[in-house]
Amino acid sequence: QVDRTGETTAVVLWHGFGDTCCLPFSMGAVKKQIETQVPGAYVHSLMIGEDEGSDQKNGFFMPIAEQLEMACKLVTEDPKLAAGFHAMGFS
């Protein structure tokens with residue numbers, strides 16, 4: 001989406017069980033597709049952990065309240081999301 005200033009609205013992606021933020025054949029492909037279809041779009045694919053391995057493990061074993069807390073922290077600390085964003089969740 002492009003606003004009146006010509007800026008695109010950012011997109012936040014959150015993967016489901018068994019996936020990670022960045023696998024090139026799953027969420028990485030979704031991120032790339034959005035960036036291709038909406039030139040200049042900022043896409044933040046949430047990593048719930050320190051790395052892709054912990055991101056995948058946390059999807060199964062971290063209590064959802066802790067995942068939500070981490071996701072909220074990632075979003076609020078990203079200045080590129082301050083003006084608003086679209087959110088896409090995958091399950």
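The legends below describe close-up views of a predicted model.

**View 1. Phe 17, Phe 60 and Phe 61 form one aromatic cluster.**
The structure holds 2 aromatic pairs. In one of them, Phe 17 and Phe 60 are stacked, with 5.6 Å from centre to centre and 5° between the planes. This pair links distant parts of the chain, since Phe 17 lies in the loop between β1 and α1 and Phe 60 in helix α2 (residues 52–61), 43 residues apart. Phe 60 also pairs with Phe 61 in a tilted arrangement, at 6.1 Å centre to centre and 50° between the planes.

**View 2. Phe 17, Phe 60 and Phe 61 make a nonpolar surface patch of about 430 Å².**
Phe 17 is found in the loop that runs between β1 (10–14) and α1 (27–37). With a relative accessible area of 65%, Phe 17 is exposed. Phe 61 is likewise exposed, at 66%, whereas Phe 60, at 47%, is partly exposed.

**View 3. A salt bridge joins Glu 35 and Lys 31 in helix α1.**
The closest N and O atoms of Glu 35 and Lys 31 are 2.7 Å apart. Because the two residues are 4 residues apart in helix α1, about one helical turn separates them. Glu 35 is partly exposed, with a relative accessibility of 32%. Lys 31 is partly exposed as well, with a relative accessible area of 26%.

**View 4. The side chains of Glu 77 and Lys 73 meet in a salt bridge.**
The N to O distance in this contact is 3.1 Å. The structure holds 2 salt bridges. Glu 77 counts as exposed, at 51% relative accessibility, while Lys 73 is partly exposed, with a relative accessible area of 47%. The two partners fall into separate classes because the boundary for exposed residues is over 50% relative accessible area.

**View 5. Asp 19 is a buried residue that has no salt bridge.**
Asp 19 belongs to the loop between β1 and α1. Side chains of opposite charge can pair when their charged atoms come close. For Asp 19, the nearest side chain of opposite charge is that of Lys 31, 14 Å away. Apart from neighbours within four places in sequence, Asp 19 is in contact with Ser 26, Met 27 and Gln 56.

Conventions
Residues numbered from 1 in each chain as written. Predicted model: local features only at pLDDT ≥ 70, side-chain atom pairs only at ≥ 80, totals over all residues. Heavy atoms only, no water. Patch = residues over 30% accessible without salt bridge, like charges linked within 9 Å, V, L, I, M, F, W, Y side chains within 5 Å. Areas by Shrake-Rupley, 256 points an atom, 1.4 Å probe, with all protein chains shown as cover. Salt bridge = Lys/Arg side-chain N within 4 Å of Asp/Glu carboxyl O. Buried < 20%, exposed > 50% of the residue type's maximum accessible area, 1.4 Å probe, protein only. Lys, Arg positive; Asp, Glu negative; His and termini not counted. Contact = heavy atoms within 4.5 Å. Phe/Tyr/Trp six-rings, centres within 6.5 Å; stacked < 30°, edge-to-face > 60°.
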